[in-house]
Amino acid sequence: MAFSHLATRGLGAMGRTVKTTRILGRYPQHISHGNRPRKPSSVLAFSPLPLGNVEQPTDSLGLVAMLTPYLLVIVSTTPVAQTQHKAPRPKEVAAHGAMTGALAWFPAIKLKGKDAQVSKTKLVYCWSNVLTILDVSEIEADESPSRDRPPSLEFKARSRWKAEEAIVAVQWLSRSVLAVLTITQQLLILEDHSMRVTDSIDLLNKHIYHADLFSSQLHSLVEQFNEEDTSMHGVVADAFYMSFRSYKGRLFLLGYSDALVGALSNWADRLLALMEAGDFIGAIRLATSFYKGSGEKLTIGLPDEDALRQPIVQEKILEMVSASLKYAFGRNQEANTERLSNRQLEELAEVSISACVCMDDEDFLWDEVFNWYEEHDSQGVFLDALESYIVEGTVRTLPPTAVKALINHFATNHTASRLEEIICLLDTATMDIDQVTTLCKHYNLYDAFIYVWNRCVGDYVGPLQELLALVPPQGSWVNGGSVDELKRYTNAMKMFPYLSFVLTGRVYPTGNDMDDTEATQAKAALYEYLFSGNLSGAESGVHSQSNELFSDLQAILKFDTPSFMSMLNEAFEDSFLNEQEPDETPFKGISINRQYLISILLQVMAPSTFASSDTIYLDMFLARNLPKYPQYILLSGSTLHQVLERLCRYPNQDMAEDCELSAEYLLSFYHPPDVQNMIPLFREARFFRILKSTYRSEKQFPELILTYLEDRSGQEAIFTCLQDCLRAGSGLGKRQRRDVIEVIKTHAGQIAGIDVQKAAQTMQDYAPETHAVFLEALENDAYEQYQYLTIVVDPTTHPGAERQLSKPVENWMIERYVQLLCKYNPSHVADFVDELRVGDVRLEELLPSMEESGVVDAAVILLARQGQIRAAMDRLIAHLQTLESGLVGILRSIQETPDSASTAEAIDDLVESLNKYVRVGTWLCQGQSKTAKKPRNGERNGIGKHAVDLPLSFDEKLWLDLIEAVVRTASSVFALIQKEHAENKLTQLAPMIPRMGSNSTQLMSSVRTLVQQVFTALLSSTVRVGGASTERNDVAFLRILRAFLTRASHWSPSLLELRAVLASIFSAYTYEKSLLALANGMLDRDLFVHVDEVTRLRQRGWRPRGQVCEVCRQRIWGPGVGSEFWEAWKQRQADAHQRRMSRQIEGRLDPAVARGKGKAAAVAEAGQAAHFHDGHADVESVGDMRGSPESGSEMPIGPAVVFSCRHLYHRQCLLNLDHSGHTSKRHFHREGSDWELLSCPICPVHNE
């Protein structure tokens, strides 16, 4: 509980009165009267608001802040106790952590400064590890506060911070600095607003006094563990509030054996500590961070405002820098053994420059810092440190002494380009122009010299004159001069980028844009200097003195004409050269424009003065700029014609490309009156692009094609040209097309040599009549012919080609293509020949090539297409015999072959070939069997007397020849392998591919497979499946087998050699038959299992969902159904027994009925169960038994109905519902009876 005691003084000794008010908590007796027990509570923190140094509305309220485990309460005690603010515990507080609470007020105070602002009243409070800062302010009202109406306050939680552990105490050290003590006695210094921890001190060894004041009151919150109750805590921390206090920026700590007083060190103490430790560089760097405000401010006693903080720190920085310089260089003079290193001097210079730049105090930088380094010959160290600030742009102004030292130092220790870059970044207003320009010339820093001269003096002609004076004598730089001449040449070449920059309005060499006024003056001055011709001192009408009038321009042109023209080409793009008004002429009434400049250049660069190697650049300049500025440049036709002719007569082959490009520019604007006379000149100059455009515009297509052939750089474009000329909509006449075709035929070999495939495609699409000429031109190159014919004859080999031939191809071309295909792509011959039509090729022309290349399958296909089946089979049999001979020869010489891998590969290739050609033979025989005539009458059904003895038909003879050839091969291989095994000569074959295996057994298996494939194909072709069981359909197979055995007796001395082959074949078929029988048996057994399961599932009944009728709600079956059902069942069993006895007696009297013969009427007796699955009801008739009156049953016992939805009904109930109109009923007739097809009235799906 918390109380407020208000004492008042009256008159007399007994006039003092004290008024006590309870402001928090309840009396103990009030707790027992409540129905609900309240949670235990306690006041963890309690603090009244102290008075500040300025009057506030809160002073009259007597605000008191109290913190409980659940709530923050702020109460005003005067004039009456009133709750002003409540705040619950934040949700961020970790559940089941340490329970702690602390709070502290900071009153409103008047701030220092011009504005004299007043800070807000602040309250900091903590629950566990969550710290919150609350601002208190007055709500403005229309009426001023009075005793009767106290002010209204606004409480706003402004900042929140979460510590790593629970907070046990908190105090304000100053307006913006908090001291926080954690449960492990860690002291944290926290800044307000930023909520940043600036310092941390461990006070565990100080033994801060603490006491357990809350655990006895709050033990239920700790002892009763409940994970779902987030308000509970694992432990109640001890109280530290009596041991942790602050007053006027000092912190007071009470220990078990002593009391401690401390304060935060301010910024001056920290700087002094570093200086005393000898770290003056670190002190200056820290002071600079204080000046910027990038580090701590409030915790070290510095104002947060820059205007108040910077003057204080600046004074200290200047003192430290001065002291550090005196210490460093004084130590260098006085100490002989221990000196500061250059590294320390560099760091001191860097921090001093950084501090002066930050304070914007360049006077101190140069008068104090630089002087110290200069007096002790260390200005190089200072200037190296200064370089980065110049490049960044923070330092722009240097005194003359520093500029001189900078140039001398960087010229001797660094590169000239680096020094020039630095000088061009400096402000030239404070430079000594004479000193800087002299030094720049001395060190050949002409970029810096030009920059300084332009910026300081504003003269743009002077630097150009200086650079002209550096031009070495003509020819000396070409033949290679001395080092000095090379430097002069390099510096003189800077005039061209200088002119380019200035004439386009940019500062040289930085590239920054000039002001419009400055740019206009600079351009006018340079144009006047170069192109005015010194008109003031000479007669303008004297032409003989033109060279003297433009001597500087002439000198520049003779020095480097291409560079000058390149510069002028860039200057022509500037708007300064556009037409100007008379009153805007920059000098002497002469309008400087492009026309004027070109006229001066044509006048100065006369052929008598300049060589053609120089004037050609002027011609290229004119040719390229005339089309770009036609409204500003006007030249006569004769002048342009001369320029074009000079471009065609370029002096050097290296200039051919540039001259042609320039001529193209010129021809886009100028059209010669007689183009035909210019064509020889273009051809002599080899301007192929111009010739192509000229021939195309003049419609000289044959010459256009010849030009493409002559131009080595773009010959592939000829095919696009040919397509444009020969396509249907090209507009060429018959004669023009004929001329183009003649040119193509004349140069067919050359066109094909560019790209034979593109040539073939182009001719196939647009001029197929030229194929013969191209093939004749490619007669000496068979592969080129093959590529050409591939496009023409067989375009399907290329991706994206159409399957059908676009245009018919002559037969001789197809024959030639097949001959070349046999040579270059034998594997594709069979596929190609298979698509040919009868009569496309001549066999006598192709068969030699096919046989030579070994493409026997293609020859067989071709012979079969021509109807020569017998010849095809003979060639195939002959090739199979060749393969047999090769395989037998390899097997015989296998012991003599050292390379087992190559032997295995050869055997594999031969077996692959055998397999391939056996399949070809099988295809040939099957095709003939399909097209053969119907069987003869005697053998049609296999019932002729001598059907087996009939002679073989043509297709049967083909099968016989194929089988004989395959069995011969297999017999030879088997016999040889068995012989070698018997003699122990054949040990192990080399490893082969996985299909072949690694020994002779697998070789035999591969050959046996070939024989089985042939016999399988024979069976499938000769034995017809189906028909009556007595029909013989294997006569053809038996005839072929008999003929084969007859032949085998002639070429095989004994059938013993064939036994292994034939036995393996027939055993394979026997095994196959047994396997099929076994598979059929397994399939039948599995099928029976599934059918049996389906039958059982179909016979399974429907189990009712309940035991009562869904209409009358009376029980139908199950426990408690009643005795009448038992009696009915017994009666039904007796009736069934009676019927069985009646049937037995009838059987004895009538033997026909007993044997099951004759007709008998099936009478459905009463009580017989009838099951129907047509619909979805299962009806059980339990007879006509009725319930006894004494049983009390309202519904008579009768049939019950069960639906597939598992609803159960009395049949009579369903009929009653039907009569009342609730259900529908349909009738169907079954065996003369009329039955109802009922539906469930509950399920809507049944009523549809």
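This is a predicted model: local features need pLDDT of at least 70, side-chain atom pairs count only at pLDDT 80 or more; totals for chains, interfaces and linings use all residues.

Me: How many helices and strands in the protein chain?

Reply: There are 46 helices and 24 strands. Those are DSSP runs numbered from the N terminus: H or I of at least four residues for helices, E of at least two for strands.

Me: And how much of it is buried?

Reply: Of the 1248 residues, 41% are buried. Buried means under 20% relative accessible area, exposed is over 50%, and partly exposed is in between, with a 1.4 Å probe and protein chains only. The accessible surface comes to about 67,900 Å², and carbon and sulfur atoms hold 50% of that. The areas come from the Shrake-Rupley method with a 1.4 Å probe; for residues, only the protein chains shown count as cover.

Me: What share of the contacts is between residues 24 or more positions apart?

Reply: Among contacts with a separation of 6 or more, that share is 60%. Contact means heavy atoms within 4.5 Å.

Me: OK, zooming in. Where's Ala-522, and is it buried or exposed?

Reply: Ala-522 is in helix 17, residues 516–531. It's buried, at a relative accessible area of 1%. Setting aside neighbours within four places in sequence, Ala-522 is in contact with Tyr-460, Val-502 and Met-514. Gly-458 is 64 residues away from Ala-522 in sequence, and their C-alpha atoms are 8.2 Å apart.

Me: What about Glu-387, buried or exposed?

Reply: Buried, with 13% relative accessibility. Glu-387 is in helix 8, residues 379–392. Not counting residues up to four places away in sequence, it touches Phe-410, Arg-418 and Ile-422.

Me: Which residues are buried in helix 11?

Reply: In helix 11 (residues 433–442), Gln-435, Val-436, Thr-437, Leu-439 and Cys-440 are buried. Their cover includes helix 9 (400–413), helix 10 (416–424) and helix 12 (446–457). Just after helix 11, Asn-444 has a positive phi of about 60°.

Me: Switching topic: how do helix 24 and helix 26 cross?

Reply: The axes of helix 24 (residues 656–667) and helix 26 (residues 688–697) come within 9 Å and cross at roughly 30°. That makes the two helices roughly parallel. The axes are lines fitted to C-alpha atoms, for helices over the stretch in contact, with angles from 0 to 180 degrees between N-to-C directions. Under 35 degrees counts as roughly parallel, over 145 as roughly antiparallel, 65 to 115 as roughly perpendicular, and the rest as oblique.

Me: Which residues meet there?

Reply: From helix 24, Glu-657, Glu-660, Leu-661, Ala-663, Glu-664 and Leu-667 meet Phe-688, Arg-689 and Ile-690 in helix 26.

Me: How many salt bridges does the structure hold?

Reply: It holds 26 salt bridges, each being a side-chain nitrogen of Lys or Arg within 4 Å of a carboxyl oxygen of Asp or Glu. One of them joins Glu-420 and Lys-494, with the closest N and O atoms 3.9 Å apart. Glu-420 is in helix 10 and Lys-494 in the loop between helix 15 (483–492) and helix 16 (495–503), so the pair ties together parts 74 residues apart in sequence.

Me: Are those two buried or exposed?

Reply: Glu-420 is buried at 10% relative accessibility, and Lys-494 is buried at 16%.

Me: What about Arg-455 and Glu-518?

Reply: Their side chains meet in a salt bridge at 2.2 Å, N to O. That pair links distant parts of the chain, with Arg-455 in helix 12 and Glu-518 in helix 17, 63 residues apart. Arg-455 is partly exposed at 28% relative accessibility, and Glu-518 is partly exposed at 22%.

Me: Which residues form a salt-bridge network?

Reply: Lys-122, Asp-135, Arg-158 and Asp-192 are linked in one.

Terms used:
Residues are numbered from 1 along each chain as its sequence is written. Side-chain values use heavy atoms; hydrogens and water are left out.
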